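Subject: Structure handover

Hi,

Here is the structure I promised to pass on. My notes on what turned up in it follow just below.

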Amino acid sequence: DITFSEINPSLLKRFKAYLKGTRSITDRTVVNHLVVIRTIFNQAISANIVDRKYYPFGKGKIVIKFPDSLKMGLVADEVKAIEDLELPAGSSINHARNVWLLSFYFAGMRVSDVLRLKWSDFQDDRMYYSMAKNDKVGSLKVPEKALKILSQYKRNNPIHNLVFPDLETLPELNNLYAIQQRINQKVKKINEGLQVIAKLIDTDKKLTMHIARHTFGNISGEKIPIQMLQKLYRHSSITTTIGYQANFIHKDADSALDAVINFKAH
């Protein structure tokens, strides 16, 4: 056991060094461990279990900074190749393809939201849903390509009225912990199918559900105004959108590089 007062900046620094030195984990995973500790600390302070003077996070103490991650999406030709694959109807690999494409068609919709979709979310050729991450609500037109995918899942009296069957074995959908556990299991299975699809389309990019969001960002590039992208991504701040989309806009940097190195010898 350890008391809150013992969890000080010095201990956390040693904990970070231990994680990085003795375990094969990424910097992001180290940060995730610290976030859990910070969350518990905040809850304890709110519950008057510990005095705020013992809080080990913040300026001059332990500052949690999420490391930059490489965001690489597919290009349009690769998405087209996924669409054109001949896959057995009803197979797990076809299901993986369908879930990925639907996420992409809806501006990189998060997989947790995709698997929670209900038939009642679709009205008058539009999809209405609230994003689980930040409760942002809105609607999107249902593209013809998405309608073709949805038609594959039409069935009589679907359990919980869910579009996809992944969560149907849960007794009810009010237990958020149970839902997230099941989503994690299903996403792992879907990602396994996506790895097979990546080989079929002959790409060495790591194809996962999260890459659907990066792919939308990559293909949209500079085609869509940043304010509209903020709406599509359901970001609370446009600064978040600008930072995210900067991963996929290369025109100015490429032109600057060409201006320097593409010179002619005299």
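A definition to start with: a residue is called buried when its relative accessible area is under 20%, exposed when that value is over 50%, and partly exposed in between, using a 1.4 Å probe and protein chains only. By that rule G221 is buried, because its relative accessible area is 9%. G221 lies in the loop that runs between α8 (210-220) and α9 (226-233); helices here are DSSP runs of H or I with at least four residues, strands are runs of E with at least two, and both are numbered from the N terminus. From G221 to A89 there are 132 residues in sequence and 33 Å in space, C-alpha to C-alpha.

Please keep in mind that this is a predicted model, in which local features need pLDDT of at least 70 and side-chain atom pairs count only at pLDDT 80 or more, while totals for chains, interfaces and linings use all residues. Residues are numbered from 1 along each chain as its sequence is written, and side-chain values use heavy atoms, with hydrogens and water left out.

Two backbone angles

N48 has a positive phi of about 60° although it is not a glycine. N48 belongs to the loop between α2 (27-46) and α3 (76-84). Is N48 buried or exposed? With 71% relative accessibility, N48 counts as exposed. N157 also has a positive phi, about 50°, and it is not a glycine either. N157 is found in the loop between α6 (144-151) and α7 (176-200), and its 75% relative accessibility makes it exposed.

The sheet

Three strands make up an open sheet, ordered β1-β2-β3, with antiparallel pairing; two strands pair if DSSP finds at least two bridges between them. At the edges are β1 (122-123) and β3 (137-141), each pairing on one side only. β1 is joined to β2 (residues 126-130) by two bridges in the antiparallel sense, and the bridge partner of F122 in β2 is M127. These two strands form a hairpin with two residues between them, and D124 in the turn has a positive phi of about 50°.

In β2, M127 and Y129 are on the covered face, whereas R126, Y128 and S130 are on the uncovered one.

Rings and charges

How many aromatic pairs does a search of the whole structure find? It finds eight, where rings of Phe, Tyr and Trp (its six-membered ring) pair if their centres lie within 6.5 Å, and planes under 30 degrees apart count as stacked, over 60 as edge-to-face and the rest as tilted. One of these pairs is F104 with Y105, which is tilted, at 5.9 Å centre to centre and 55° between the planes. F104 and Y105 are both buried. There is also an aromatic cluster formed by F4, F41, Y55 and F57.

Y55 has a charge over its ring as well: the charged end of R52 sits there, 5.5 Å from the ring centre. To qualify, NZ of Lys or CZ of Arg must be within 6 Å of the ring centre and within 35 degrees of the ring normal. The charged end of K154 likewise sits over the ring of W119, 4.2 Å from its centre.

Best wishes
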